[in-house]
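Please look over the sequence and the model shown here, and then follow the report below, which takes up the strands, the rings and the pocket in turn.

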Amino acid sequence: SDGAYCYKVVLGDGTADGGGEIIQDTGASSNCESADYTVSDSDVYAIGYYASTSGDDQNYDSGDYCSAISGDRTALLSLVVDDSATEQTLVSAEPSTCYYTFELTASSAS
């Protein structure tokens, strides 16, 4: 959660049908813990679907339409390995309208 919204991240696996997605819940933060919301729920948006990997970065595109930019939502997810990390952390930002960045930090054992 970024304080206002909750995010659910399913990592892409690097295949053509990568299977990954990032979705955003703009409703009540009580859904953050359960992470059982889907894009069919009200106030839930598809940020993007796994498109490609470049190094430690995964690109997600073809998210829900964003009228503010007359285009689809997109995201960049950066994977950071930190063996001193005791839990996985996700930091989110929206540096420009409907373009999101995420940094997922985890130990190599995660």
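## Two paired strands

Tyr7 has Gln24 of β2 as its bridge partner. This contact belongs to the antiparallel pairing of β1 with β2 (residues 21-25), which extends over five bridges. Two strands are said to pair if DSSP finds at least two bridges between them, and the strands themselves are DSSP runs (E, at least two residues), while helices are runs of H or I with at least four residues, both numbered from the N terminus.

## Basis and confidence

The model is predicted, so local features need pLDDT of at least 70 and side-chain atom pairs count only at pLDDT 80 or more, whereas totals for chains, interfaces and linings use all residues. Residues are numbered from 1 along each chain as its sequence is written, and side-chain values use heavy atoms, with hydrogens and water left out.

The predictor's confidence in each residue is given as pLDDT, on a scale from 0 to 100. For the protein chain the mean pLDDT is 84, with 79% of the residues at 70 or more. Confidence is lowest in helix α1 (residues 31-34), where the mean is 62, and highest in strand β6 (residues 71-72), where it is 98.

## The sheet

Seven strands make up an open sheet of mixed pairing, and their order is β1-β2-β3-β4-β7-β9-β8. At the edges are β1 (6-10) and β8 (89-96), each of which pairs on one side only.

Within this order, β3 and β4 pair in the antiparallel sense over six bridges. These two strands form a hairpin with two residues between them, and Gly55 in the turn has a positive phi of about 65°. Further along, β4 and β7 run antiparallel and are joined by four bridges, with Leu76 in β7 as the bridge partner of Asn59. The pairing of β7 with β9, by contrast, is parallel and covers eight bridges; here Val81 has Ala106 of β9 as its bridge partner.

## A pair of rings

Rings of Phe, Tyr and Trp (its six-membered ring) pair if their centres lie within 6.5 Å, and planes under 30 degrees apart count as stacked, over 60 as edge-to-face and the rest as tilted. By this rule there are three aromatic pairs. One of them is the edge-to-face pair of Tyr50 and Tyr60, with 6.0 Å from centre to centre and 80° between the planes. Tyr50 lies in strand β3 (residues 44-54) and Tyr60 in strand β4 (residues 57-62), 10 residues apart, and Tyr60 is also the bridge partner of Tyr50 in β4.

## The largest pocket

What is the volume of the largest pocket? The value is about 160 Å³, where a volume is the space filled by probe spheres set on grid points, which are joined across faces, edges and corners. On a 1 Å grid over the protein atoms alone, with a 1.4 Å probe, a pocket is an open set of points with protein on both sides within 12 Å along at least five of seven lines, and lining residues have an atom within 4 Å of a point.

Of the 10 lining residues, the closest to the centre of the largest pocket are Leu11, Leu79, Val80, Leu104 and Ala106. The elements that give two or more residues to this lining are β7 (74-81) and β9 (99-106).
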